[in-house]
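Work through the exercises below with the structure open. Try each task before reading its solution.

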Amino acid sequence: MHVDLGSALDATPGVSRESLERLDEQVAAAHERIETGRNEHDHGYEALNLPSTVDLDAIRSAVAPFDDAEAVLTVGIGGSALGAATFADALAGPDDPDAYFLDNVDPEHVSRLLESLPLDRTVVNVVSRSGTTAETLANFLVVREAMADAGVDWTDRTFVTTGESGNLRSLAEKHELPSLAVPDGVPGRFSALSTVGLAVAAIQGHDLDSIRSGASDAADGLSGSLFETPAYAYGATTYALANRGAVTNAMMPYAERLETFAEWFAQLWAESLGKDGLGQTPARALGATDQHSQLQLYRAGPRDKLITLVRPRDYTDRAIPETDLDGLSYLGGSSLGELLDAEFEATEASLVESGVPAIRVEIDAVDEESLGSLLYEMEAACVLYGELAAVSTFTQPAVEWGKKAARGLLGGGDFAEADAVDERTSLVVE
């Protein structure tokens with residue numbers, strides 16, 4: 001990816017070139033810690049080794065029995081779904097199998113989706129490292145029942161992606177289901193470039209080698225200076241801006257196909273960096289749509305935000321027809337792409353003029369190689385930010401607390417966290 005920090009310099013809050021040069025010494029030290037973690041295959045840091053460790057042949061072998069699929073349904077939550085959804089939404093073509101994701105347990109949504117799918121031509125991918133994730137297993141039980149009711153043998157249409165042990169691993173062995181291993185040492189939100197994120201891309205026929213190539217090039221480009229490494233430029237600058245008061249980071253891609261990428265980024269950034277009273281709250285926006293809604297707040301609201309503007313440099317364009325309508329003749333002869341680029345430039349200029357910090361991130365195109373690079377570099381940026389902030393980047397204690405509380409409420413064990421629900425104070429107005 002290509003990172004332009006110019007619109008973050010001397011904003012309010014902002015950084016200066018001199019402050020970034022001072023911060024670069026800390027970046028060099030953080031890079032050494034990251035490289036040590038990678039070389040020793042430490043938990044979390046192992047995610048940055050995925051370009052060289054992911055087994056693409058294993059993925060292709062696991063999905064080979066489903067080459068007749070018209071749809072693929074991933075049953076997972078959070079990192080078990082968002083990486084795959086990012087690739088699916090960014091890369092899907094008109095002839096690819098449709099990709100769907102059950103990443104919530106809203107009963108009405110689940111029922112509507114299952115009623116709309118051709119279950120006899122749908123492949124189901126159940127994803128859970130532990131094999132015990134309540135939401136995932138509950139949805140899978142519902143999916144399995146729906147397939148049986150439709151006269152479909154679910155064992156012929158299902159594969160699992162899970163750890164070495166647990167309910168899903170036992171299920172796969174019992175029914176001889178195709179399976180993929182979740183990589184050791186890789187937290188779910190960092191697993192997009194692994195078996196977890198790439199199986200759906202394989203079913204849709206996308207070029208896994210190009211995805212890995214883009215990520216590998218990004219990995220090879222990591223160095224000890226933010227001025228030489230786009231990932232570190234982004235991670236270090238967002239860290240510096242957060243320390244100066246930009247505690248919200250609005251991720252705003254100017255491409256519909258990257259909208260899910262912003263959702264993936266939100267989990268990565270929030271779950272990794274929100275620790276010890278620190279972190280930067282991710283917000284999601286879409287250009288140019290949200291210029292007509294959120295931009296008003298970003299430009300004229302509280303000075304606590306950074307806006308990350310993302311766009312591809314190359315895309316398939318479409319001409320705007322000539323018109324004789326009053327006041328619209330200037331549009332004729334141009335294109336939708338030119339209009340979108342103008343909106344991008346205008347938004348950036350608007351933010352600069354009002355002193356709001358912005359960072360421009362560009363990728364070559366919305367294709368396999370660029371997406372592999374983009375996701376890898378955002379992961380590296382997140383890890384660097386965590387090193388600079390001295391937070392435990394790869395843990396998620398608040399998430400685990402909620403899991404225990406929910407499981408206890410459902411009778412899945414005796415958890416103190418569940419008891420806290422009864423202690424909640426209410427103030428009801430009806």
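**Exercise 1.** Is Thr-162 buried or exposed? Find its place and its polar partners.

Solution. Keep in mind that this is a predicted model.
- Step 1: locate the residue. Thr-162 lies in strand 5.
- Step 2: check its accessibility. The relative accessible area of Thr-162 is 0%. Buried means under 20%, so Thr-162 is buried.
- Step 3: look for polar partners. The Thr-162 side chain reaches the backbone oxygen of Ser-128 at 2.6 Å. A polar atom of that side chain also lies 3.3 Å from the backbone oxygen of Arg-129.
- Step 4: list contacts beyond four places in sequence. Among them are Ser-130, Gly-131, Leu-168, Leu-180 and Val-182.

**Exercise 2.** Work out the order of the strands in the open sheet, then find what packs on it.

Solution. 
- Step 1: read the order. The five strands run 3-2-4-5-6, with parallel pairing.
- Step 2: find the edges. Strand 3 (98-102) and strand 6 (179-181) each pair on one side only.
- Step 3: note the twist. From one strand to the next, it averages 15°.
- Step 4: zoom in on one pair. Strand 5 (residues 158-162) and strand 6 are joined in the parallel sense over three bridges. Thr-161 stands opposite Leu-180 in strand 6.
- Step 5: Helix 6 (residues 134-149) lies across strand 2, strand 3, strand 4 (122-128) and strand 5. Helix 6 runs at about 160° to strand 4.

**Exercise 3.** Describe helix 9: its span, its cap and its buried side.

Solution. 
- Step 1: compare spans. Helix 9 (residues 208-220) has 13 residues and reaches 18 Å from first C-alpha to last, close to the 18 Å expected.
- Step 2: find the cap. Asp-207 caps the N-terminal end, with a side-chain oxygen 3.1 Å from the backbone nitrogen of Asp-209.
- Step 3: pick out the buried residues. They are Leu-208, Ile-211, Gly-214, Ala-215, Ala-218 and Ala-219. These cover an arc of only 140° around the axis, so they sit on the same side of helix 9.
- Step 4: see what covers them. The cover includes helix 1 (17-39), helix 8 (195-203) and helix 14 (368-389).
- Step 5: follow one covering residue. Ser-373 is in helix 14. Ser-373 counts as buried because its relative accessibility is 13%. Beyond four places in sequence, Ser-373 touches Met-1, Gly-214, Ala-215 and Ala-218.

Methods: Residues numbered from 1 in each chain as written. Predicted model: local features only at pLDDT ≥ 70, side-chain atom pairs only at ≥ 80, totals over all residues. Heavy atoms only, no water. Helix = DSSP H or I, 4+ residues; strand = E, 2+ residues; numbered from the N terminus. Expected span 1.5 Å × (residues − 1). Buried < 20%, exposed > 50% of the residue type's maximum accessible area, 1.4 Å probe, protein only. Arc of directions from axis to C-beta. Contact = heavy atoms within 4.5 Å. Polar contact = N/O pair within 3.5 Å; in protein donor to acceptor, adjacent residues only side chain to side chain. Pairing = 2+ DSSP bridges. Axes fitted to C-alpha atoms, helices over the stretch in contact; angles between N-to-C directions.
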